[in-house]
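Here is a short report on the fold of a single chain. Please look over the sequence and the model, then read on.

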Amino acid sequence: MNAKKYETNVLSGVEQAAISVISRAVQYDNEGKYPPALASYQEGIQLFLDVIKSTPDKRKQELLRQKAAEYISRAEKIKEIVQQQKDSGNYHEQIQIPNNGVGFSYESLFSKYLDKTVKRVEIEDPYIRNVHQTYNFLTFCELLVRFCSELRKIILTTGPNQQDHVNQRSRFDSIRNSLSSYSVELEIIYSDTLHDREIRLDNGWVVKVGRGLDIFKSVNKFSIGFTDQNLRPCHETTVDIFFKR
């Protein structure tokens, strides 16, 4: 394959990706699902801009610029709608994770709500009891440390492991000591009656995950997906995101 043909094929692939993402944005828009519509418009617009930079066809460039301008205008209007929903306390976004779905790492689910305004995080999850569940919690703590530069406290409310409470406490002590080196305090509260799962950020975001942090299926330690959450299959569950002032 010569270089010119290769570039044409690559360009065609990017253009098809842009069309696909924008089509998804329009579908979300028509359904009134504004947060995912906004995210898809923004992704699609960037792909369109990449195509514009790469195509030598001036007429095509102009047509793409016109379409991109339309999508940018619509994205700005949706951004205003989303902000109005947040201001009124009516913001609600829902993500459906299908059985064996991939691409749902903690970072992809939560990172857009994490920033330097977050100083305190409260997590309610009754099943941070066993080793793999504690690893999930540790991974979430790492995400918080990475994205929340002003984070000062994490409060976890969970159920006690009646069969192995000593080791459960020991694991939390290790995480607490590690977090302290980042000037983050970890408080653990045990509850025998807790059932709901919820993550509350003090910047106003509330995330409810049907399965809590335990969304990933078990995989062999030497299988793809063991270290990369985006490649690990998930259990079916629902994620609801709210904004409350």
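## The β5–β6 pair

Strand β5 (residues 198–201) and strand β6 (residues 205–209) run antiparallel and are joined by two bridges. Two strands count as paired if DSSP finds at least two bridges between them. Strands (E, at least two residues) and helices (H or I, at least four) are DSSP runs, numbered from the N terminus. Arg-200 stands opposite Val-206 in β6.

This is a predicted model: local features need pLDDT of at least 70, side-chain atom pairs count only at pLDDT 80 or more, and totals for chains, interfaces and linings use all residues. Residues are numbered from 1 along each chain as its sequence is written, and side-chain values use heavy atoms, with hydrogens and water left out.

## The whole sheet

Seven strands form an open sheet with mixed pairing. Their order is β1-β7-β6-β5-β2-β3-β4. The edges belong to β1 (92–97) and β4, each with a single partner strand, so one side of each lacks a neighbour in the sheet. From one strand to the next, the twist averages 15°.

Strand β3 (residues 153–158) runs parallel to strand β4 (residues 185–190), and six bridges join them. Thr-158 has Tyr-190 in β4 as its bridge partner.

## Helices α2 and α3

The axes of helix α2 (residues 34–54) and helix α3 (residues 58–88) come within 9 Å and cross at roughly 155°. That makes α2 roughly antiparallel to α3 (the term covers angles over 145 degrees). The crossing of α2 with α3 is left-handed: the near helix is turned anticlockwise from the far one by less than a right angle.

## The chain overall

The chain has six helices and seven strands. From the N terminus on, its elements run α-α-α-β-α-β-α-β-α-β-β-β-β. Its C-alpha atoms fill a box of roughly 70 × 50 × 35 Å, taken along the principal axes.

Definitions and conventions:
Axes fitted to C-alpha atoms, helices over the stretch in contact; angles between N-to-C directions. Parallel < 35°, antiparallel > 145°, perpendicular 65-115°, else oblique.
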